[in-house]
Amino acid sequence: MKLKALCLSMSLLVLPGVASAQSALDALKKSAGDAGKGAVEKRVNTKLMDEGRKNQCSFKSGTAELDAGCDAKLKKLAATLIDAKKQLDGAGVKSYKFEVSGHTDSSGDAAKNKKLSEQRAETLVKELVTRGVPRNEIIAVGFGSEKPLVKPDDTAAKKAKNRRYELRVRL
């Protein structure tokens, strides 16, 4: 009887050690997975930003209507997003959203610019969805003039740089 009680006591002392070792192993695996996901996210975002810069489409002034001649650029952007999706899926990333963010220069009313940037981002999202990007994996966000590339945007060239859209993935 004493031996049975001793064995039971010993097992209770050992089990927490096994559980904490398993917990430490799980934490290590999660940390390694997070680092891998972070590297994939960085690589994908670099590619998305580069392609977004190279393939900027223009909009008719004051509207969310695309100027003519954007079809080839939109095809390249969609192909880039589809390739990014494959990389993310291949890396085991399960939860992500592609984000199309619209930006304006600082001219005019800030509230109108923000709304216009949202509408333009949504126009791009619709175009990318028609080219094969799943709708549930892409969102439109408008920033207006909140995140300029160049400050101050006091020349036509600087204003033009701030009127843009950007692509990125959010994990």
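**Asn 162 and its surroundings**

Modeller: In this predicted model, the side chains of Asn 162 and Asp 153 make a polar contact at 3.3 Å.

Biologist: What makes that a polar contact?

Modeller: The cut-off for a pair of N or O atoms is 3.5 Å, and the two side chains are 3.3 Å apart at this contact, so the pair qualifies. Asn 162 also has a side-chain polar atom 2.6 Å from the backbone nitrogen of Leu 149.

Biologist: Nice! Why is Asn 162 called buried?

Modeller: Buried means under 20% relative accessible area. Asn 162 has 0%, so it counts as buried. This residue is found in helix H4, residues 156-162, and among the residues it touches are His 103, Thr 104 and Pro 148.

Biologist: I see His 103 there. Where does it pair?

Modeller: Its bridge partner is Gly 144 in strand S2.

Biologist: How do you know that S1 and S2 pair?

Modeller: Pairing needs at least two bridges. S1 (residues 97-103) and S2 (residues 138-144) have six, in the parallel sense, so they pair. Together with helix H3, residues 110-130, they make a right-handed β-α-β unit.

Biologist: Then there is helix H2, residues 71-90. Why are H2 and H3 called roughly perpendicular?

Modeller: Their axes cross at roughly 75 degrees. Angles of 65 to 115 degrees count as roughly perpendicular, and therefore H2 and H3 get that description.

Biologist: Which residues make the contact?

Modeller: On H2, they are Leu 74, Leu 77, Ala 78 and Leu 81; on H3, they are Leu 124, Glu 127 and Leu 128. The two axes come within 9 Å.

Conventions
Residues are numbered from 1 along each chain as its sequence is written. This is a predicted model: local features need pLDDT of at least 70, side-chain atom pairs count only at pLDDT 80 or more; totals for chains, interfaces and linings use all residues. Side-chain values use heavy atoms; hydrogens and water are left out. Helices (H or I, at least four residues) and strands (E, at least two) are DSSP runs, numbered from the N terminus. A crossover is right-handed if, with the strands pointing away from the viewer, the path from the first strand over the helix to the second runs clockwise. Buried means under 20% relative accessible area, exposed over 50%, partly exposed in between (1.4 Å probe, protein chains only). A polar contact is a pair of N or O atoms within 3.5 Å; within protein, one must be able to donate a hydrogen and the other to accept it, and residues adjacent in sequence count only if both atoms are side-chain atoms. Contact means heavy atoms within 4.5 Å. Axes are lines fitted to C-alpha atoms, for helices over the stretch in contact, and angles run from 0 to 180 degrees between N-to-C directions. Angles under 35 degrees count as roughly parallel, over 145 as roughly antiparallel, 65 to 115 as roughly perpendicular and the rest as oblique. Lists of a residue's contacts leave out its neighbours within four places in sequence.
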